[in-house]
Amino acid sequence: MQYLIKLAVLLAFLTAAMPVRVKAQSDMDDLYRPWIDYRDGEISVAFEQTPVPFALHAFHARTGFQIVVPSSVEAQLLSLRFNRQALEPAVRSLISTIGYSNFAVIYDDHGRPHRAVVLGVQPMPVATLDQNQDTPLTLEERQQLKKDLDRWNDLKQEERGRIEDRLKTLPTSDDREILVREYGRQLLGLNR
């Protein structure tokens with residue numbers, strides 16, 4: 001019993017001796033400074049075999065820009081270096097380095113980018129892409145995809161997968177960009 005009392009007194013003494021302080025934002029910024037420097041709208045990163053969740057958290061903490069990725073990347077390591085890039089190209093570089101090419105950027109009310117949502121599909125092999133890229137989006141298909149995206153929460157998983165598969169094979173166009181943005185909104189549950 002005396003042992004427990006001595007241990008409790010020692011713990012109380014140690015706890016009282018340690019200064020308790022709340023980290024200020026500048027302290028948090030300093031924590032991530034070895035990996036990310038963000039000044040005057042330009043970002044520099046230096047990730048070397050860094051876990052993707054840490055890199056994404058550091059990116060968000062330093063820039064305020066959030067990148068939403070599928071959970072399958074949590075076990076990946078990221079190696080990426082660049083100096084003084086604008087935010088949007090930096091986001092594109094980071095997302096492509098972890099193995100994705102399709103994502104939607106969401107802007108705030110002031111027109112500034114504040115979030116990117118990565119589509120849950122990794123790029124297809126080049127041979128498969130070449131076969132599917134020739135299939136343009138018809139007006140009827142565009143309207144059907146729009147209707148399906150509008151009722152996203154009512155769709156079964158296989159229907160959602162069909163939409164995701166088609167979005168990743170669409171050739172670059174304004175219609176594709178609109179549909180991908182709507183897909184991102186649905187994933188995040190955002191209203192227009």
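Biologist: Does Asn-83 count as buried or exposed?
Modeller: Asn-83 counts as exposed, because its relative accessibility is 64%. Buried means under 20% relative accessible area, exposed means over 50%, and partly exposed is in between, using a 1.4 Å probe and protein chains only.

Biologist: Good to know. What sort of model is this?
Modeller: It is a predicted model, in which local features need pLDDT of at least 70 and side-chain atom pairs count only at pLDDT 80 or more, while totals for chains, interfaces and linings use all residues. Residues are numbered from 1 along each chain as its sequence is written, and side-chain values use heavy atoms, with hydrogens and water left out.

Biologist: Back to Asn-83, then. Which strand is it in?
Modeller: Asn-83 lies in strand β4. Strands (E, at least two residues) and helices (H or I, at least four) are DSSP runs, numbered from the N terminus.

Biologist: And what is Asn-83 in contact with, beyond its sequence neighbours?
Modeller: Leaving aside neighbours within four places in sequence, Asn-83 is in contact with Ile-43 and Ser-44. Contact here means heavy atoms within 4.5 Å.

Biologist: How do the axes of α3 and α4 cross?
Modeller: The axes of α3 (residues 52-63) and α4 (residues 87-97) come within 12 Å and cross at roughly 170 degrees. That makes α3 roughly antiparallel to α4. Angles under 35 degrees count as roughly parallel, over 145 as roughly antiparallel, 65 to 115 as roughly perpendicular and the rest as oblique.

Biologist: Which residues meet there?
Modeller: Leu-56, Phe-59 and Thr-63 from α3 meet Leu-87, Val-91 and Leu-94 from α4. By class, this contact has five nonpolar residues, one polar and no charged. Ala, Val, Leu, Ile, Met, Phe, Trp, Tyr, Cys and Pro count as nonpolar, Asp, Glu, Lys and Arg as charged, and the others, Gly among them, as polar.

Biologist: New topic. How many aromatic pairs turn up in the whole structure?
Modeller: The search finds two. In one of them, Phe-59 and Phe-65 have ring centres 6.4 Å apart and planes at 80 degrees, so the pair is edge-to-face. Rings of Phe, Tyr and Trp (its six-membered ring) pair if their centres lie within 6.5 Å; planes under 30 degrees apart count as stacked, over 60 as edge-to-face and the rest as tilted. Phe-59 counts as buried at 1% relative accessibility, and Phe-65 counts as buried at 2%.

Biologist: Which residues form the pair with 5.4 Å centre to centre?
Modeller: Trp-152 and Tyr-183, with 85 degrees between the planes, which is edge-to-face. Trp-152 sits in the loop between α6 (139-150) and α7 (157-169), and Tyr-183 in helix α8 (residues 174-188), so the pair links distant parts of the chain, 31 residues apart. Both Trp-152 and Tyr-183 are buried.

Biologist: And what does α8 lie across?
Modeller: α8 lies across β3, β5 and β6, running at about 75 degrees to β5. Those strands form an open sheet in the order β3-β6-β5, with mixed pairing.

Biologist: How many residues of β5 are buried?
Modeller: Four of the five residues of β5 (residues 103-107) are buried, so this strand is largely enclosed by the rest of the structure. β5 pairs with β6 (residues 113-118) in the antiparallel sense over five bridges, and Ile-106 stands opposite Arg-115 in β6.

Conventions
Axes fitted to C-alpha atoms, helices over the stretch in contact; angles between N-to-C directions. Pairing = 2+ DSSP bridges.
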